[in-house]
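Work through these exercises with the sequence and the 3D view open. Try each task before you read its solution.

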Amino acid sequence: MKKIIKTASGRLRLILAIIGLSVALLLILSAVQLQANYNDLLHSKSNQDSIANFLVINKQLTNANYGNTTLPTTAIDDLKKQPFVDAVGILTPSRFKASIESFSSQFPFYTDISFESVPAAFIDVDSTQWQWQPGNDIVPMIAPNLFLDFYNFQFSLSQNLPQLTQEIVKMIIFKVNIQTPNGVVSLKGKVVGFSDRITSLLVPESFMEWANNHYGTLNNAQPSRVVIRTKDPGNPALVQYLKDHQLTTDADKTRFSKYRQIVNVVVQISGVTGGILLLFALLIFSLFIQLTIASCKEEIQLLVTLGAAPKQLRKFLMRRFFPPNVLIIIGTLIIVAIIQYLVALRLQKLYMFINPTLSIYTLATALLFLLILWLVNYTTIQRYIQKENL
């Protein structure tokens, strides 16, 4: 039987079928693995960006809304309901005029300033000093790194002042001046940390509430900015929502939205192309099996006449045609696994981390197609043997 089948087999048809099936499976499994890698880059803890995943949002300033850029409660509530938003924190602005200055004449520093406060869950400074209550001597502050960079590389050079490190700034006690209807109230302030998440001078919520109640002179208490926590700052749905509601945020944090759409299109095209090639490969394999059986029809009928049962022939033909499919699946998985490992090493050098091994979804897809190939082989052999009354 092996000699008969081998003689009747078309080597070129077999090679074309194997190549077509291999390319199709490689495209499909690569598409599945690529999507798994993309999800790792977006959502795994190793790739979470404590800065990019927090977005400060405010209205777009236009001629139409000039002077009215506060965010109403309805807009904030609607933002909280969006599936791409994990949490929303209100940035509470100070409703009083303030300034800070140094006590030392050796460091003559003075600037007008405005404060903001935000819930503690939205800050990225781990400090035991980040708390305040009425009667405390010092007001803790969190300053953006941008402020210190501006001072060190622009202001200090033009004013002939010494440059300061973060550690030195944390040691300095500042004089905080608050303008009130009854004069200036002076307090002590100290920078307890630096942040890249929110580019404003932050104070604890407890101090902001107390100071606004005692010294606030502005009637407008509505916030104009909020900070949101999101798993995916490049989510196209998030970017579109901000655009539709005339909201804006740091464009650098959402710039990957277009790249993500491109990747999604590439993955979809790869999957569709692989699916089409798979259909053609299955068709080629099916025709190859039929032609092989048809070309040795008389010899197989002779074997049946001599006592070979059709069931025995089906088992033999399955052992003949199905194992190459298993080898193709294994070979394709090995190729994808090697590519995955090399890509993981390359991304690790760029401080992006993906699993160096194959995704469970890729393995599950391979098993699914192995089952499909078994069914195609079995039904083709079964149907053709019955058709020829073997």
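## Exercise 1: A loop residue

P83 is exposed, with a relative accessible area of 74%. This is a predicted model.

**Task.** Find the loop that holds P83. Then state how far P83 is from L238, in sequence and in space.

**Solution.** 
1. Locate the loop. P83 sits between helix 3 (73-80) and strand 2 (87-93).
2. Check the exposure. The cut-off for exposed is over 50%, and P83 has 74%.
3. Compare the two distances. P83 and L238 are 155 residues apart in sequence. Their C-alpha atoms are 9.1 Å apart in space.

## Exercise 2: The whole chain

**Task.** Describe the chain by its secondary structure, its burial and its confidence.

**Solution.** 
1. Count the elements. The chain has 13 helices and eleven strands.
2. Look at burial. The chain has 390 residues, and 41% of them count as buried.
3. Read the confidence. The average pLDDT is 80, and 78% of the residues score at least 70.
4. Helix 1 (residues 2-8) has the lowest mean pLDDT among the elements, 55. Strand 9 (residues 201-202) has the highest, 93.
5. Turn to contacts. Take those with a separation of 6 or more: 77% of them join residues 24 or more positions apart.

## Exercise 3: A salt bridge

**Task.** How many salt bridges does the structure hold? Which parts of the chain does the pair of E116 and R225 tie together?

**Solution.** 
1. Count. There is one salt bridge.
2. Name the partners. E116 pairs with R225, and their closest N and O atoms are 2.5 Å apart.
3. E116 lies in strand 5 (residues 115-117) and R225 in strand 10 (residues 225-229), so the bridge ties together parts that are 109 residues apart in sequence.
4. Check the surroundings. E116 and R225 are both buried.
5. Side chains of opposite charge can pair when their charged atoms come close.

## Exercise 4: Aromatic rings

**Task.** Is the pair of W210 and Y215 stacked or edge-to-face?

**Solution.** 
1. Start with the total. The count comes to eight aromatic pairs.
2. Take W210 and Y215. Their ring centres are 5.5 Å apart and their planes meet at 85 degrees, so the pair is edge-to-face.
3. Take W374 and Y378. Their centres are 5.2 Å apart, with 5 degrees between the planes, and the pair is stacked.
4. W374 and Y378 both lie in helix 13 (residues 360-387). They are four residues apart, about one turn of the helix.
5. Compare accessibility. Y215 is buried, at 15%. W374 is partly exposed, at 34%, and Y378 is partly exposed, at 35%.
6. Look for a group. Ring pairs link W132, F207, W210 and Y215 into a cluster.
7. R197 lies over the face of F54, 3.7 Å from the ring centre.

## Exercise 5: Two helices

**Task.** How far does helix 12 reach? Which residues outside its sequence neighbourhood does T365 contact?

**Solution.** 
1. Take helix 12 (residues 323-349). This helix has 27 residues and reaches 40 Å from first C-alpha to last. That is close to the 39 Å expected.
2. Find its buried residues. Among them are I328, I329, L333 and V336.
3. Move to helix 13, where T365 is found. T365 counts as buried, at 14% relative accessibility.
4. Set aside neighbours within four places in sequence. T365 is then in contact with I28, L29 and V32.

Key:
Residues numbered from 1 in each chain as written. Heavy atoms only, no water. pLDDT = per-residue confidence, 0-100. Expected span 1.5 Å × (residues − 1). Buried < 20%, exposed > 50% of the residue type's maximum accessible area, 1.4 Å probe, protein only. Salt bridge = Lys/Arg side-chain N within 4 Å of Asp/Glu carboxyl O. Phe/Tyr/Trp six-rings, centres within 6.5 Å; stacked < 30°, edge-to-face > 60°. Lys NZ or Arg CZ within 6 Å of the ring centre and 35° of its normal. Contact = heavy atoms within 4.5 Å.
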